[in-house]
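Welcome! Here is a short briefing to read alongside the structure.

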Amino acid sequence: MIQIQNLHKWFGNTQVLNDINLEIFRQEVVVIIGASGSGKSTLLRCINFLERAEKGKIFIDGQYIEPAKSNLNLVRQEVGMVFQHFNLFPHKTVLENVIEGPTQVKKIPHDQPVIMGRELLAKVGLADKADVHPAMLSGGQKQRVAIARSLAMEPSIMLFDEPTSALDPELVGEVLIVMKELAQEGMTMVVVTHEMGFAKEAADRVIYLDQGRVVESGDPEQIFNEPEEDRTKSFLSKIL
């Protein structure tokens, strides 16, 4: 579903991604771990073309995406993204937030997105919140609305950029439950997170990123119990 070849990204004189090569397969759940500043979020933003790499190629579902020529709005419809902060429209109801993309971007007549929007809110456990405004929700509920909003575009890939890091600890679980359900349903997912429990439970593959490089990649059992690289061992010893 995603193929990354020789990806390099700089911010000024600082290189944040250094020769990234990755393949992410259909229905695979890939969790990216690493210290703050290791390039994890930048990598996700490059996959969704919110950041443009200076060097390298990205293929989505077999198609080479050339930022200067490709329709990036169409690409982003296929590659949904959930951010650390929810970015909901405060003046719109929960349901209006969810259907904004299908009605305004895809120009789908109103009735169909409303039906789908209510189904998605039920899916994330918020059927009873359709007509309230975001200010009335907890952080965990807002993030679940953000997930429903992204799913409303019917993406084939979902990117999650530290979706629980802005939440109070007691609200993290409700968001992770929704993400685990998506994984079980076969959604292709790339997740940047510090929630190692989620990585152990839901990931097909864990990637350790350090200083903009892929240091180690493997299944959760191998990465967490028998890491091969000293840098991986050092990182895990500090957080587990």
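What follows is a tour by topic, from the whole chain down to single residues.

This is a predicted model, in which local features need pLDDT of at least 70, side-chain atom pairs count only at pLDDT 80 or more, and totals for chains, interfaces and linings use all residues. Residues are numbered from 1 along each chain as its sequence is written, and side-chain values use heavy atoms, with hydrogens and water left out.

**The whole chain**

- Of the 240 residues, 52% are buried. Buried means under 20% relative accessible area, exposed means over 50%, and partly exposed lies in between (1.4 Å probe, protein chains only).

**Helix H1 and what comes after**

- Helix H1 covers residues 40-47 and is mostly covered, with 6 of its 8 residues buried.
- The buried residues in H1 are Lys40, Thr42, Leu43, Leu44, Cys46 and Ile47.
- After H1 comes phenylalanine 49, which has a positive phi near 60°.

**Salt bridges**

- In general, side chains of opposite charge can pair when their charged atoms come close.
- This structure holds 12 salt bridges, each being a side-chain nitrogen of Lys or Arg within 4 Å of a carboxyl oxygen of Asp or Glu.
- One of them pairs glutamate 51 with lysine 9, with the closest N and O atoms 3.8 Å apart. Glutamate 51 sits in the loop between H1 and strand E4 (55-60) and lysine 9 in strand E1 (residues 2-11), so this pair ties together parts that are 42 residues apart in sequence. Lysine 9 counts as buried because its relative accessibility is 6%.
- Another salt bridge joins arginine 205 and glutamate 28, whose closest N and O atoms are 2.9 Å apart. Arginine 205 belongs to strand E9 (residues 205-210), while glutamate 28 is in the loop between strand E2 (14-24) and strand E3 (29-33), so the pair ties together parts 177 residues apart in sequence. Arginine 205 and glutamate 28 are both buried.
- Aspartate 131 and arginine 118 also meet through their side chains in a salt bridge (3.9 Å, N to O). The pair links distant parts of the chain, 13 residues apart: aspartate 131 is in the loop between helix H4 (111-123) and helix H5 (139-151), and arginine 118 is in helix H4. Aspartate 131 is exposed, with a relative accessible area of 57%, whereas arginine 118 counts as partly exposed at 40% relative accessibility.

**Positive phi in two loops**

- Aspartate 61 is a residue other than glycine with a positive phi, near 50°. It is found in the loop between E4 and strand E5 (63-64), and it counts as partly exposed because its relative accessibility is 46%.
- Glutamate 154 is not a glycine either, yet its phi is positive, at about 55°. Its place is in the loop between H5 and strand E7 (157-161).

**Two buried residues**

- Valine 79 lies in strand E6 (residues 79-82) and counts as buried, at 1% relative accessibility. Its C-alpha atom is separated by 9.7 Å from that of threonine 188, 109 residues apart along the chain.
- Methionine 153 lies in the loop between H5 and E7 and is buried, with a relative accessible area of 12%. The C-alpha atoms of methionine 153 and leucine 44, 109 residues apart along the chain, are separated by 18 Å.

**Around glutamate 229**

- Glutamate 229 is in the loop between helix H8 (220-225) and helix H9 (230-239). This glutamate 229 counts as partly exposed, at 36% relative accessibility.

Methods. Helices (H or I, at least four residues) and strands (E, at least two) are DSSP runs, numbered from the N terminus.
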